[in-house]
Amino acid sequence: MNYTRPERRQGPSLVRGGLVPESTHDQRLLDRRGPTGWLHEDPWRVLRIQSEFVEGFGALADLPPAVTVFGSARTGPDTAEYELGVKVGAALAKAGYAVITGGGPGVMEAANRGALEAGGVSVGLGIELPHEQRLNDYVDLGIEFRYFFVRKTMFVKYASGFVALPGGFGTLDELFEALTLVQTRKVTSFPVIMMGVAFWTPLIDWIRDTLMASGKISPQDVELVSVTDDPDEAVRTIVEADRRDPNK
């Protein structure tokens, strides 16, 4: 009889069936409720966090120049957004960039697929989640992380820019974190490109008409992001930023 057991990736480990815990490592790290046992457990978590940084740095250090592509895991393969993700991944690969995604399905799979089929390097940085999710089949190099903040560091450290396709809370989180890093000059010469004009225009309007108009951001902050439907334009923006980078 064929049946499906629950499974979860936990960093480099895979657990199935009754061994799948009720919470993730991130949840246990951030949960301060209950007894004070966490006082004695957190120092050991620090070592695990350290090991994730070391593993990520070691695996990604020899990548060619790379671009991180974000987007919804819920995008179907028969959609225009998926097709756009494939085109973006292919255009980046042809320009000599490795493509880094969250390694999941949807737009992430599309960008990895485009990069792989164009002969480029396709990277997936997965994360332990309460629901099942595996690295997609178009990933050449895959790393599974327990902690979101370690994974986010890898997204930034090894990328020459970000491309955000339509997505949900996760995409918005990554998008605004990237914009914050650029705004505060924690990263420099780092283009942030939103692909999907119809999808992103209402957000851009809100940024301009509400955030900027009320003085929450400066007018120049609105210029930190580019919006386009053209993969070639997105790649040109990244290439031009690379050429202007005094550190390269």
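1. Helices (H or I, at least four residues) and strands (E, at least two) are DSSP runs, counted from the N terminus. The model is a predicted one, in which local features need pLDDT of at least 70 and side-chain atom pairs count only at pLDDT 80 or more, while totals for chains, interfaces and linings use all residues. Residues are numbered from 1 along each chain as its sequence is written, and side-chain values use heavy atoms, with hydrogens and water left out.

2. On a 1 Å grid over the protein atoms alone, a pocket is an open set of points with protein on both sides within 12 Å along at least five of seven lines, and a cavity is a set where a 1.4 Å probe fits but cannot get out; lining residues have an atom within 4 Å of a point. Grid points are joined across faces, edges and corners, and a volume is the space filled by probe spheres set on the points.

3. The second largest pocket has a volume of about 280 Å³. Its lining numbers 16 residues, with Val182, Ser189, Phe190, Pro191 and Arg244 closest to the centre. Strand S9 (225–228) and helix H9 (231–244) each supply at least two lining residues, and H9 gives the most, with four. By class, this lining has eight nonpolar, four polar and four charged residues; here Ala, Val, Leu, Ile, Met, Phe, Trp, Tyr, Cys and Pro count as nonpolar, Asp, Glu, Lys and Arg as charged, and the others, Gly among them, as polar.

4. The largest pocket holds about 550 Å³ of space. Of its 21 lining residues, Ala73, Met108, Leu129, Gly170 and Thr171 lie nearest the centre. Strand S3 (66–70), helix H5 (148–157) and helix H6 (169–183) each supply at least two residues of this lining; the largest share, five residues, comes from H6. The lining comprises eight nonpolar, eight polar and five charged residues.

5. How many cavities of 30 Å³ or more are there? The count comes to two. The largest cavity has a volume of about 40 Å³, and Phe70, Lys152, Phe155, Val156, Phe162, Glu174, Glu177 and Ala178 line it. H5 and H6 are the elements that give two or more residues to that lining. Five of the lining residues are nonpolar, none is polar and three are charged.

6. The second largest cavity contains about 30 Å³ of space. Its lining consists of Gly102, Gly103, Gly126, Ile127, Gln133, Arg134, Leu135 and Glu144, which divide into two nonpolar, four polar and two charged residues.

7. Helix H3 (residues 80–94) and helix H4 (residues 107–117) have axes that come within 6 Å and cross at roughly 35°. Axes are lines fitted to C-alpha atoms, for helices over the stretch in contact, and angles run from 0 to 180 degrees between N-to-C directions. The crossing of H3 and H4 is right-handed, a term that applies when the near helix is turned clockwise from the far one by less than a right angle.

8. Which residues of H3 and H4 meet? On the H3 side they are Glu81, Tyr82, Gly85, Val86, Gly89, Ala90 and Ala93, and on the H4 side Val107, Glu109, Ala110, Ala111, Arg113, Gly114 and Ala115, with contact meaning heavy atoms within 4.5 Å. By class, the contact of H3 with H4 has eight nonpolar, three polar and three charged residues.

9. An unreviewed UniProt entry places the feature "transmembrane region" at residues 155–172 and 187–207; such annotations may be inferred rather than shown by experiment. In the model, residues 155–172 are 39% helix and 17% strand, and their end C-alpha atoms lie 14 Å apart. Residues 187–207 are 52% helix and 19% strand, with end C-alpha atoms 21 Å apart.
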